[in-house]
Amino acid sequence: MSFKVPFIRPQEHYRRIKEEVDFAITDTLAKGDLVMRRQLRDFEQNLAEFVGTKFAVGLNSGYHALAFSLLGAGVGPGDEVITVAHTFVATISAIVHSGATPVLVDVDPDSNMDADAFEAAITPRTKAVIPVHLNGRMAPMDRIVDISERHGIKIIEDACQALGAHYRGMRSGAIGAAGCFSFYPFKALGGLGDGGAITTNDPHIARMATLLRYNGEDRQTGEYHYHGYTALLDNVQAAVLDVKLRHFPKWIEHRRNTASLYRSKLQDVEGLQLPHWGDESYHYETFQNYVVRTRERDALRQYLRENGVETLVHWQKPVWEHKALGLPEQSLPETEKICREVISLPMSAETSAEDVDFVAEMVTSFFATKQSNVIRLAAV
Ligand SMILES: *Cc1c(COP(=O)(O)O)cnc(C)c1O
C-alpha cells in the first residue's frame, strides 16, 4: 500500500545528501578502509564531542551498547537492574542476557520513568538503573541521579531515541556511567543498517567495550582479555554516520518545528492528548516520534490508513504479555493504558508542512465525524 503521507521518507532522506553520502562510501572503499580505521575514529570523536563525553565507542547496535554498558558497570547474575516496562524489548533483553534480573517499573504520562516507582523498586540487590529517554524526551534525570547516588546505583542511559536531547543542562548520554545510542536506519541519526555506540567518561567502560566488540582482543598486543563478541561499527557505516552527524542539528530543529506545527493544528481537538507537557523551557526534545494519545486509537489508526496516512504504534501490548519472554505478570496501570492509547504520527527530517496539514486535517475530521455521531446518538 502506498500512502499519501508515509511514516518516513527514506528515499527523500538519501536524495538530499546523496552526493556527500556517495562520496563517503566510495572514498572509504577506494582506500580499503573497512575495519577500525580513521573513519571510525573520526566518527567516535565527533560523536563524543556532540554528546559531551570523553569517549564514544562505535558498535553494531543499540542492543550491544546496552549489553556492554551493563558488563562494564559490573552487572551480572544475582543483581537486579531497574528499568521501565514501556520500552523497546532490547533494553530488557540486554539485562536478561547479562544474567541479572530485570525489575520493571511504571512510567509517567509522558512515557518516561516514574522516579517514585524507581525509588520504591530499589532493593539491596539493585546494581543499576536504565532510564529510557523515550521518543526524544529525557527521563527526569535530576531525580534519577539524586536517588541513584543516595543508593549507590549505577545509571546506564538508554538514549537510543534521544541523541541531542537535553534537560536542565544535562545532555542525553553524558549523565550516567554510560549512554547507549542506536543508529538503526529509522532512528533520528540512522545508518545504512544496524549500528550503535556507547558514550562514557569512564575509561574502563570505554576500553572494555572496545575490546568486547572485537572478540576481546587488544589489537595492539594481540592479547585476548575477554570472551568477547563480534560487534563492531563498520567503517563504511561510520563514514556515512559522520556525514549525517554534521546535518543532525538542523534535522532536530526540523523535527521540533514539525512538532510545533502538529501542536498548533491539533491542540483543540477534543479526545486527543498531544506530547507537550508545558516544560519546554527546560526540556529540549528531539521528537524521535510524535506520539499522541486517544481512547479511540484503533479506530483513528484505521481511519488514517484508509485516508492515506501511515502511522505506527509503539507498542501494542505491555512487554510482559509476550509470554515467551518469561517476564513476571505485572500491574503497571500507566504502561497498560499507554499501550492502548498511543499512536505515532508521521515524523522525520523530511516530513513537510504539507504532510502535517494533511495529517492534521484527517485527524480533525476523524474526531469531528465521531463527535457528530455522538451528538446524533444523544439526540435519538
Ligand atoms: C532502537 C532502540 C534500542 C535498540 O537499538 P538497536 O540498534 O535496534 O539494537 C534500544 N532501546 C530503545 C529505546 C530503542 O528505541
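Before anything else, I noted the pairing rule: two strands pair if DSSP finds at least two bridges between them. Helices (H or I, at least four residues) and strands (E, at least two) are DSSP runs, numbered from the N terminus. The model is predicted, so I kept in mind that local features need pLDDT of at least 70 and side-chain atom pairs count only at pLDDT 80 or more, while totals for chains, interfaces and linings use all residues. Residues are numbered from 1 along each chain as its sequence is written, and side-chain values use heavy atoms, with hydrogens and water left out.

**Entry 1: strands S11 and S12.** I looked up strand S12 (residues 342-345) and found four bridges joining S11 to S12, with the two running antiparallel. Within S12, Ile343 is the bridge partner of Val292. From strand S11 (residues 290-293), Tyr290 and Val292 point one way, Val291 and Arg293 the other, and all are buried. Buried here means under 20% relative accessible area, with exposed over 50% and partly exposed in between (1.4 Å probe, protein chains only).

**Entry 2: an open sheet.** Three strands form an open sheet in the order S7-S6-S10, with antiparallel pairing. Strand S7 (170-171) and strand S10 (283-284) are the edge strands, each pairing on one side only. I counted two bridges between strand S6 (residues 166-167) and S7, and His166 has Arg171 in S7 as its bridge partner.

**Entry 3: helices H3 and H7.** How do the axes of H3 and H7 cross? Helix H3 (residues 62-72) and helix H7 (residues 203-212) have axes that come within 9 Å and cross at roughly 125°. Axes are lines fitted to C-alpha atoms, for helices over the stretch in contact, and angles run from 0 to 180 degrees between N-to-C directions. H3 is therefore oblique to H7; under 35 degrees counts as roughly parallel, over 145 as roughly antiparallel, 65 to 115 as roughly perpendicular and the rest as oblique. In H3, Phe68, Leu71 and Gly72 meet His204, Ile205, Met208, Ala209 and Leu212 of H7, where contact means heavy atoms within 4.5 Å.

**Entry 4: Phe183.** I placed Phe183 in the loop between strand S8 (178-182) and strand S9 (196-200). Is Phe183 buried or exposed? Phe183 counts as buried because its relative accessibility is 1%. Leaving aside neighbours within four places in sequence, its contacts include Phe43, Leu47, Leu189 and Leu241. Phe183 and Val269 are 86 residues apart in sequence and 34 Å apart in space, C-alpha to C-alpha.
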